[in-house]
Amino acid sequence: MVSMASASVAPARFSYGRPPFSASEKSRRTVVVRAEAINPGIRKTEDKVVDSVVIAELNKPLTAYFRCWRSGTFPLCDGSHVKHNKATGDNVGPLLMKKQ
């Protein structure tokens with residue numbers, strides 16, 4: 001029988017997947033974006049689906065939010081939907097928030 005005083009317990013080690021990327025690995029990583037439609041069937045007869053919402057409590061007169069998930073200025077629209085729509089035949093446009 002082993003007493004608790006003489007028992008040796010190794011510290012637990014947990015692995016949560018891969019360790020953080022090194023600087024050289026970060027520069028070698030690439031992101032592949034597949035060109036596929038985001039809008040499967042909403043208002044497909046329109047060239048580009050753009051909705052506007054009028055809100056009184058806004059600081060700016062107009063703010064465009066992306067809905068294509070391609071914008072580099074999350075969550076604001078940077079026009080990436082134009083290239084996405086040409087590549088996929090989709091008709092995604094921004095959500096416009098307008099000050100009342």
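Predicted model: local features only at pLDDT ≥ 70, side-chain atom pairs only at ≥ 80, totals over all residues.

Modeller: A disulfide is taken here as a pair of cysteine sulfur atoms within 2.5 Å. Residues are numbered from 1 along each chain as its sequence is written, and side-chain values use heavy atoms, with hydrogens and water left out.

By the disulfide rule the count comes to zero. Cys68 is in no disulfide, and the nearest cysteine sulfur, that of Cys77, lies 6.4 Å away; seen from the other end, the sulfur of Cys77 has its closest cysteine sulfur in Cys68, at 6.4 Å, which is too far for a bond. As for accessibility, buried means under 20% relative accessible area, exposed over 50%, and partly exposed in between, with a 1.4 Å probe and protein chains only. Cys68, at 2%, is therefore buried, whereas Cys77, at 23%, is partly exposed.

Helices (H or I, at least four residues) and strands (E, at least two) are DSSP runs, numbered from the N terminus. Over residues 48-87 the chain is 20% helix and 28% strand, and the end C-alpha atoms are 14 Å apart.

Aromatic rings come next. Rings of Phe, Tyr and Trp (its six-membered ring) pair if their centres lie within 6.5 Å, and planes under 30 degrees apart count as stacked, over 60 as edge-to-face and the rest as tilted. The structure holds two aromatic pairs. Phe66 and Trp69 form an edge-to-face pair, 5.1 Å centre to centre with 80° between the planes, and Phe66 and Phe74 form a tilted pair, 5.6 Å centre to centre with 55° between the planes. These ring pairs link Phe66, Trp69 and Phe74 into a cluster, in which Phe66 is buried at 11% relative accessible area, while Trp69 is exposed at 61% and Phe74 is exposed at 61%.

Finally, the strands. Two strands pair if DSSP finds at least two bridges between them. Three strands form an open sheet of mixed pairing in the order β1-β3-β2, with β1 (49-55) and β2 (62-65) as the edge strands, each pairing on one side only. Six bridges join β1 to β3 (residues 92-99), and these two strands run parallel; Val49 has Val92 of β3 as its bridge partner, and Ile55 stands opposite Lys99 in β3. β2 and β3 pair in the antiparallel sense over four bridges, among them that of Thr63 with Met97 in β3.
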